[in-house]
2 protein chains.
Amino acid sequence: MKRNLYLTTTPVEEAREIYMDALGDAAMPHAETVKVIDALGRITSEAVYAVYSSPLYNSAAMDGIAVISARTEGAAESSPLTLRSGEDYIIVDTGDPIRKPYDAVIMAEDTQECEDGIIIRAAAPAWQHVRPVGEDIVAGEMILTRCHCIRPIDIGVLLSGGVTEISVFRKPKVGIIPTGTEIVEPYEDPEEGDIIESNSRMFEAMVRENGGAPVRYGIVPDDYEAIKNRVITALDENDMVIVNAGSSAGTEDYTVHILRELGEVFVHGVAMKPGKPVILAKVSGKPVIGIPGYPVSAYLAMENFAYPVLRRFTGMKDSSERTIEAVLSRRLVSSLKHREYVRVRVGKVGDRYICAPLARGAGAAMSMVRADGFCVIPQESEGYEAGEKVSVNLFRSPEEIDRTIVCTGSHDILLDVISDLMSGEAEGMRLSSTHIGSLGGLMALRRGEAHITPSHLLDEETGIYNESYIKSLFPDEEILLVKGVRRIQGLMVAAGNPLDIKGIEDLTRIRFVNRQRGAGTRVLLDFKLRQAGISPDEVCGYDAEAATHMAVAAQVAGGEADCGMGVYSAAHAMGLDFIPVGEEEYDFVMRPETLEMPEIKCFLKLLASPDFRDKLEELGGYSLEGLGEIRRISSR
Amino acid sequence: MKRNLYLTTTPVEEAREIYMDALGDAAMPHAETVKVIDALGRITSEAVYAVYSSPLYNSAAMDGIAVISARTEGAAESSPLTLRSGEDYIIVDTGDPIRKPYDAVIMAEDTQECEDGIIIRAAAPAWQHVRPVGEDIVAGEMILTRCHCIRPIDIGVLLSGGVTEISVFRKPKVGIIPTGTEIVEPYEDPEEGDIIESNSRMFEAMVRENGGAPVRYGIVPDDYEAIKNRVITALDENDMVIVNAGSSAGTEDYTVHILRELGEVFVHGVAMKPGKPVILAKVSGKPVIGIPGYPVSAYLAMENFAYPVLRRFTGMKDSSERTIEAVLSRRLVSSLKHREYVRVRVGKVGDRYICAPLARGAGAAMSMVRADGFCVIPQESEGYEAGEKVSVNLFRSPEEIDRTIVCTGSHDILLDVISDLMSGEAEGMRLSSTHIGSLGGLMALRRGEAHITPSHLLDEETGIYNESYIKSLFPDEEILLVKGVRRIQGLMVAAGNPLDIKGIEDLTRIRFVNRQRGAGTRVLLDFKLRQAGISPDEVCGYDAEAATHMAVAAQVAGGEADCGMGVYSAAHAMGLDFIPVGEEEYDFVMRPETLEMPEIKCFLKLLASPDFRDKLEELGGYSLEGLGEIRRISSR
């Protein structure tokens, strides 16, 4: 078993500094000349000066008549003056040149036609309504500095100033080499043991967004010589090379050895999580970066190390991240060993930004899609407590965050349906839902960290859903309960039900997967178990937890468990069999003032929309009686 | 003289509403299928669901060994256990599948090789370090909602989830028709009366940035039938058409008549300045917009009316503008007749954002390039007083604004040189200079509205520059005077000096162009006039004002004036002759605390740099003795 167990772990900034210093001239921008009309988004490599003035000549600033100012003297409301065409004036449109002897313009609105010519009622001082040559742009004047990113308006002004070509930084060619015997192209059908190659395509897009020209190579298997040869080829054809992955210390992680053989490795391993196994090297005078394989690690390694190198090549400035202060919704523990990047969802509730941490695994790429930003825990920190203010680097604009409904509580696929419908609204609203179970959601609502909580908590004594929980959690407040759906809960089992599971009583003889504490589904299970006289101890897997209906369904579909409890739609989506065990009420809880939010108004509108009903019918397992009815709950 | 003098002027929002309502189905998005790898920046037309789970199977989350958890029971620090290869464990790398009978992974770091196999010192609970199938993405799960703009991370996750093609909104084809007999292509040499056609190229870039596919047509002269035929062709080939210009009420403004003949015009004229003569029409069931010819008007008309239509087609959301509150540095008067868009420069001085209005003309395109944003004066407002807080729609990020030096005072081309050098610094700093003359600059500095003031104010009694002005303006403060350059001031006259101007005494017989009140150059002129015993009344054009050396030079070059006073470099840049009248000191004034700013440190570093000296030598007319020396001025 050959491994390089001991990567060093250099702090992030230090690693970057070491590398950027070591690169020196290995990442220098080169200039090329492009047509101005093709220059949108390019970066100037030198200052640009106007060739012509604009206007090019003295010109009419208004539609009207060009006059000789001296001949208009004395004209007044009380003593109108008649000007004769061709002698005293000529008709001009905006932009027409004003040539001698004419030296002023009178607006069309201030003239009156008559038989002999035109009557004016005010004298025109010299140069009235005349745009002098160079009023806008003076020939020789600097229009743009170097390192300026060309916008549409710049294109207009450059052309007006007689500039048709400019010098910009050449887009660096970035070779991207995906490696790995187990990875397959996305267009092939994957088998067990295969991993779909997606990182290189993400890198292509990241390189493009940062002003580079990506060149992706085909997948190279884990073979020392094959990878080495591909690196040599890519170096020959590009300004910079990215190797993915093999950057770690596994048995088949050749990248660092190859780069050591071919050139110089400056850093192997960075104190950052996810993203530790980064390799920063220089080969044949060009930057080569080894990027780890897990998608989140890959993303962070690209952002922290490939972007600065790209910026050297492209002349782009570090577009400083948008950062906001947000209140942490739960405790975040981290290690002193590394800087940790935790993906978070962010929403504005009242006047506070609230951030909720998402899945932290390096493989949890979907959490990157769901995330609104990163909360960075510094290397020297052990983390933050719930309620602490933390700084969040946003992926979205604060305006977008402001228009987001923070939905925290129980999960149901119908939230995805509403979220999708909301995204289609012209106002650009979003529904951001975090799944921590009904009870957790109500607690968040109470702390002012959510706008709305989907909840299905059964009061076993009364058989009534949600009300008693709301009354005990919000003793001094009036709270709104928006009626949602009745949904069928049941046992999800493999297709064909091979273990012949018929109901709750069978849970003692199979491997179960449960929902987390505080989840309404778990409350229902406990209720059903008690009814059946079964103790949790008798259920194998009672302590195995999954966070959503879909996650439970996936575990059953994947064979880690034989059975789990959840809603019909999840079972249906995963092709599982479904054994109904009861109906329950899935409602939405919110504070009265929330009703005033345009986003919540939109939510309620969509809840009542035919599109929503149609989609739920298609999913199956719901009954929609009373949907959208609002009740006020108060324990006073 | 045929004109349509009377455009109506509909308020901006009302015009937009009328038009968007009238368009109805004439601007509906259409979907098309694209490969995920080509989808960067495209907008989803429907929700996207995962096809496969990720991971596809239970897989190792760490490099190490896969074990049968039951067989590791009892292992502890005090009672190590030896596992045999092939029986009790197999070696796995991260991502490898974990198949029965194996059900847990032990990290390589926690194992120790021995002769018989591997020694472990802790039991592995079932599913330790195993990523269960679907941990990241569950097949059937919604990955993206509709109307989502595809980012690099989305591409990665879509491919991982087995999605290789997605449905996105088709890019609308936008036909752009430049019209006008007087306009010429930028690649031709313009003659007097010609206007370089640049708007259509700006439109192309604007359409591209907003997700459309521009189709630009060649220039059509002002001919009713020719324009009409081009509009018909363009409608045939595009989803939407933009006609520029001929949208006003001039003699040759045919656009509105053509659109009335071919279809329906809903709005002609909007209460917005610049940008009033907009035409909003529908022809053959497609949107056609007539855009005014002045570049700033064109830009604003595009932004206010073409963008919303484009967004309908593309499914893009209105990316809400970045707005900040800023203190207005001088009074802004506007009319109740329209909403006015005033371009402003914005900088942060201390903890306040300060905004300085720029040129307001519809033709002042260069002011758009210089601007950091717009201050919008509502239609029902007559304007704002200096010192009032106004809201500014930023073109740049607030972070960029924060790294900007606000330089307010006297103008010299060397400011452009430093500005260019600063832009090349890796830190992304900017120098934003506003030219209001030395005295105006010192007043702004005193009000806390500038970081630095370039000044060349002569004390006629002592012959010393700047000091006495600083002492009297800042009686209770210590102020820093950074020595700048000595520069030659002189008279700029047409090449060859046709009027044989030899010095100040000749100013009584020619047409002069002066600088604005408070400009150091004007103070110097007044001093020289007094020395020569000439009264300002005797100088024709003494009251004609221009704001910069280059503007003065342009007026002389353009023939509106025979002579103006300014610096050698401006005369040189415009190809004028130069008659020196004296040297003066051009220094930089700032508060001591400003020295701490990294941007100011950079400014001072560049002031002393060889690049800067070389460039000034190339420009000519400067002496650099003492450049960068800092003196403390205090009247106490």
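Biologist: What share of the contacts in chain A with a separation of 6 or more is made by residues 24 or more positions apart?
Modeller: In this predicted model, residues 24 or more positions apart account for 77% of those contacts in chain A. The secondary structure of chain A comprises 16 helices and 38 strands.

Biologist: What is the radius of gyration of chain A, and what would a compact globule of 636 residues have?
Modeller: Chain A has 34 Å, whereas a compact globule of 636 residues would have a value near 26 Å. Along the principal axes, the C-alpha atoms of chain A fill a box of roughly 110 × 75 × 45 Å. Of the 636 residues of this chain, 56% count as buried.

Biologist: Why is A:Gly180 called buried?
Modeller: The cut-off is 20 or more other C-beta atoms within 10 Å. A:Gly180 has 21 such atoms, so it counts as buried. It is found in the loop between strand S13 (173-178) and strand S14 (183-184) of chain A. Leaving aside residues up to four places away in sequence, A:Gly180 touches A:Ile219, A:Asp222 and A:Ala245. The C-alpha atoms of A:Gly180 and A:Asp420, 240 residues apart along the chain, are separated by 36 Å.

Biologist: Is A:Gly361 buried, exposed or partly exposed, and what makes it so?
Modeller: A:Gly361 has 16 other C-beta atoms within 10 Å. A buried residue needs 20 or more and an exposed one has 12 or fewer, so A:Gly361 is partly exposed. Its place is in the loop between strand S25 (352-357) and helix H7 (365-370) of chain A. Its C-alpha atom is separated by 9.1 Å from that of A:Tyr294, 67 residues apart along the chain.

Biologist: What sets phi of A:Asn497 apart?
Modeller: Phi of A:Asn497 is near 50°, a positive value in a residue other than glycine. A:Asn497 has its place in the loop between strand S32 (478-493) and strand S33 (512-515) of chain A. With 16 C-beta neighbours inside 10 Å, A:Asn497 counts as partly exposed.

Biologist: Where does B:His129 lie, and is it buried or exposed?
Modeller: B:His129 lies in the loop between strand S9 (118-120) and strand S10 (130-131) of chain B. Its phi is near 50°, again a positive value in a residue other than glycine. B:His129 has 21 other C-beta atoms within 10 Å, and the cut-off is 20 or more, so B:His129 is buried.

Biologist: Which residue does a cis peptide bond join to A:Pro101, and what is omega?
Modeller: The bond joins A:Lys100 and A:Pro101, with omega about 5°. A:Pro101 is in the loop between strand S6 (89-92) and strand S7 (104-107) of chain A. A cis peptide bond also joins A:Lys273 and A:Pro274, where omega is about -5°. A:Pro274 is found in the loop between strand S19 (272-273) and strand S20 (279-283) of chain A.

Biologist: What term describes how H1(B) and H6(B) run relative to each other, and why?
Modeller: Helix H1 (residues 12-23) and helix H6 (residues 295-314) of chain B pack at an angle of about 30°, with their axes 10 Å apart. Angles under 35 degrees count as roughly parallel, and H1(B) and H6(B) are therefore roughly parallel to each other. H1(B) passes H6(B) in a right-handed crossing. In this contact, B:Val12, B:Arg16, B:Tyr19, B:Met20 and B:Leu23 in H1(B) meet B:Asn304, B:Phe305, B:Pro308 and B:Val309 in H6(B). These residues divide into 7 nonpolar, 1 polar and 1 charged.

Biologist: How many residues of helix H9 (residues 413-423) of chain B are buried?
Modeller: The helix is mostly covered, with 11 of its 11 residues buried. Among them are B:Ile418, B:Leu421 and B:Met422.

Biologist: Which residues of H15(B) do B:Ile418, B:Leu421 and B:Met422 meet?
Modeller: They meet B:Cys602, B:Phe603 and B:Leu606. The axes of H9(B) and helix H15 (residues 598-607) of chain B come within 10 Å and cross at roughly 115°.

Biologist: How many residues of chain B are in contact with chain A?
Modeller: 97 residues of chain B are in contact with 98 residues of chain A. H2(B) gives the largest share of the side of chain B that touches chain A, 8 residues. By class, that side has 45 nonpolar, 28 polar and 24 charged residues.

Conventions. Residues are numbered from 1 along each chain as its sequence is written. Chains are lettered from A and ligands numbered from 1 in the order in which they are written. This is a predicted model: local features need pLDDT of at least 70, side-chain atom pairs count only at pLDDT 80 or more; totals for chains, interfaces and linings use all residues. Axes are lines fitted to C-alpha atoms, for helices over the stretch in contact, and angles run from 0 to 180 degrees between N-to-C directions. Helices (H or I, at least four residues) and strands (E, at least two) are DSSP runs, numbered from the N terminus. Angles under 35 degrees count as roughly parallel, over 145 as roughly antiparallel, 65 to 115 as roughly perpendicular and the rest as oblique. A crossing is left-handed if the near helix is turned anticlockwise from the far one by less than a right angle, and right-handed if clockwise. Two residues are in contact if their C-beta atoms, placed from the backbone, lie within 7 Å. Ala, Val, Leu, Ile, Met, Phe, Trp, Tyr, Cys and Pro count as nonpolar, Asp, Glu, Lys and Arg as charged, and the others, Gly among them, as polar. The radius of gyration is taken over C-alpha atoms; the globule rule is 2.2 Å times the number of residues to the power 0.38.
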